Amino acid sequence: MSSHRLRTRPVAVVIAVVVVAALLTAAALRIAQINARFPNPTVVEYQLGDRLVVEGVELCFTDARIIGYDELKLLQPDYEINTFDEQLKPFDPSRLRFIMVDVDVRRISPGERPFSLTWLYAQSGTWRNGLELFLFESLNAALPSSIVENSETTHVVLLYERVDDQYLSRAEWEAAEELPFDLVANVYPTELVIHILNNEN
Amino acid sequence: MSNILRFELKRAFHSRLYVLALIIPLLIVASHIVLYVVPISLDDADIIVSIGGYPYSLFNTWLGGRGDILETTLYFTLLPLFICIPFAETLFSDRKGGYAKNIVTRIPLRDYYCAKAVAIFLTAATVATVPLIIDLFLTALFVPAVIPLAVAGTFPIFENSMWSALYYSHPFAYTACYLLLIGIFSGLLANLALFFTYLVANRFLVALAPFIVCIFADFVLGSLGGLLFQFSPILFLRPDQPALASFGIILTEAVILVVGLAILLIARIKHDETY
């Protein structure tokens with residue numbers, strides 16, 4: 001190898017290292033910048049009975065329990081199962097359970113965002129489900145978005161459906177009723193968590 | 001053993017086919033970044049948040065986290081093909097070309113076969129995972145790594161998905177574990193070509209064989225219905241888990257591949273030493 005190439009080879013390596021280091025530094029700064037703009041949500045936790053205000057709406061969750069289809073029919077005799085299996089048949093009632101939550105709602109100020117009770121999801125571990133809208137409108141005689149506009153306190157019942165095929169097995173589904181359940185609202189950059197069932201705190 | 005292993009690894013990683021095998025998935029990565037990630041990053045995420053939405057996250061935007069785009073389906077469907085391009089058929093071509101006869105006069109046959117299997121494994125593992133790592137890095141330049149939130153409804157992992165708790169609590173750890181899984185299983189899958197070295201008479205068929213097996217299995221298992229599609233590598237190697245992966249099934253298939261490969265190598269060593 002010529003002496004010229006022997007002299008320029010280390011220089012080329014140094015230049016390459018400097019360029020790569022500069023690119024990695026720029027990338028790191030870019031990643032830091034973008035993550036600073038959209039950080040992880042701040043989790044704010046509440047218990048049953050606590051009052052919280054979300055987008056100008058005051059909520060107080062007073063009670064929560066898990067009920068079966070038979071109890072639901074007593075509350076809502078007109079209810080027919082509208083969840084279907086893979087064969088497009090309505091689910092057997094024994095495969096359904098409902099999380100029932102009582103909440104007092106009142107608007108106290110205008111909010112920055114148009115809050116609706118549909119923002120509240122039931123969650124346990126990685127299981128989650130949204131509000132059962134048909135039952136909500138039947139039981140409360142109003143839409144979730146309109147309830148939150150009342151300036152007087154309104155008592156509302158929220159219902160969330162639990163189906164056994166959302167779990168790996170029937171046994172796991174039944175055992176999951178002993179686990180903690182929460183209502184969760186994504187109000188980014190905040191995550192509201194209301195502990196409603198089986199919470200040890 | 002170390003000499004032949006070093007030699008086979010150098011042969012594998014310094015070949016043009018290895019470079020080609022990396023370029024093809026990198027083209028898919030480039031398409032994903034240019035056609036999907038960059039436009040998303042130009043969307044005003046503040047508007048999404050203002051109406052109660054959750055920001056786009058790295059974990060449901062990168063190639064392994066988004067199941068409803070062409071690039072993801074293309075990458076994981078073609079994965080069994082491009083992991084075999086670099087080195088999977090070299091045992092066949094070595095035997096046909098007389099190179100194998102030459103080399104085994106100098107080193108134990110066992111060392112040659114083992115070095116071959118290791119080289120195939122490592123080239124396949126790197127071809128499968130390096131483009132994904134590059135995609136993850138490039139996506140991170142445009143999309144924040146906001147932690148997945150189940151109630152946001154925009155993340156692909158559900159209650160009965162494999163490692164769902166890990167995904168929602170430590171998504172980077174989930175991604176790292178899945179990349180490791182993809183690398184290991186891809187390495188084992190590429191070694192499936194060794195079986196076909198002794199079954200077919202064409203080197204291209206040897207390299208294509210694992211891909212054909214995976215496509216056929218995916219079609220048959222999907223057609224049979226039920227939960228049988230969980231056995232398809234094309235589906236369970238996807239981090240977005242369109243088929244609710246099961247670690248037990250993946251482990252069973254990996255063990256079958258390892259045991260099968262070991263039996264094949266032992267049998268061939270005994271047969272070839274005799275003759």
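Contact here means heavy atoms within 4.5 Å. This is a predicted model, so local features need pLDDT of at least 70 and side-chain atom pairs count only at pLDDT 80 or more, while totals for chains, interfaces and linings use all residues. Residues are numbered from 1 along each chain as its sequence is written, chains are lettered from A and ligands numbered from 1 in the order in which they are written, and side-chain values use heavy atoms, with hydrogens and water left out.

**View 1. Where chain A meets chain B.**
Chain A brings 28 residues to the contact and chain B brings 29 residues. Together the two chains bury about 2400 Å², with 61% of that on carbon and sulfur atoms; buried area is the accessible area (1.4 Å probe) that two parts lose on being put together, summed over both. Three residues, A:Phe38, A:Thr126 and A:Asn186, supply 26% of the area that chain A buries against chain B, more than any other three residues. As for polar pairing, there are five residue pairs in polar contact between the chains, both residues at pLDDT 80 or more. A polar contact is a pair of N or O atoms within 3.5 Å; within protein, one must be able to donate a hydrogen and the other to accept it, and residues adjacent in sequence count only if both atoms are side-chain atoms. Salt bridges between chain A and chain B come to zero, a salt bridge being a side-chain nitrogen of Lys or Arg within 4 Å of a carboxyl oxygen of Asp or Glu.

Helix H1 (3-37), strand E5 (120-124), strand E6 (127-129) and strand E8 (181-187) of chain A each put at least two residues on the side that touches chain B. Helices (H or I, at least four residues) and strands (E, at least two) are DSSP runs, numbered from the N terminus. H1(A) gives the most, with six residues. Sorted by class, this side of chain A has 14 nonpolar, seven polar and seven charged residues. For that sorting, Ala, Val, Leu, Ile, Met, Phe, Trp, Tyr, Cys and Pro count as nonpolar, Asp, Glu, Lys and Arg as charged, and the others, Gly among them, as polar.

A:Asn186 sits in strand E8 of chain A and is buried, at a relative accessible area of 8%. Buried means under 20% relative accessible area, exposed over 50%, and partly exposed in between (1.4 Å probe, protein chains only). Leaving aside residues up to four places away in sequence, A:Asn186 touches A:Trp119 as well as B:Gly52, B:Gly53, B:Tyr54, B:Leu149 and B:Val151. A polar atom of the A:Asn186 side chain lies 3.1 Å from the backbone nitrogen of A:Tyr188.

**View 2. A:Gly68 in strand E3.**
Look for A:Gly68 in strand E3 (residues 57-68) of chain A. A:Gly68 is buried, with a relative accessible area of 14%. Not counting residues up to four places away in sequence, A:Gly68 touches A:Arg97 and A:Phe98. A:Val20, on the other hand, is 48 residues apart from A:Gly68 in sequence and 62 Å apart in space, C-alpha to C-alpha.

**View 3. Two salt bridges in chain A.**
The side chains of A:Glu149 and A:Arg107 pair up in a salt bridge at 3.2 Å, N to O. This pair links distant parts of the chain, 42 residues apart: A:Glu149 is in the loop between helix H4 (144-147) and strand E7 (154-163) of chain A, and A:Arg107 is in strand E4 (residues 96-107) of chain A. A:Glu149 is partly exposed at 47% relative accessible area, whereas A:Arg107 is buried at 15%. In the other pair, A:Asp63 bridges to A:Arg65, with the closest N and O atoms 3.7 Å apart. A:Asp63 is partly exposed at 32%, and A:Arg65 is partly exposed at 30%.

B:Asp94 and B:Arg11 form a salt bridge whose closest N and O atoms are 2.8 Å apart. B:Asp94 lies in helix H5 (residues 90-97) of chain B and B:Arg11 in helix H1 (residues 2-13) of chain B, so the pair ties together parts 83 residues apart in sequence. B:Asp94 is buried, at 3% relative accessibility, while B:Arg11 is partly exposed at 27%. Through shared partners, salt bridges join B:Glu8, B:Arg11, B:Asp94 and B:Lys116 into one network.
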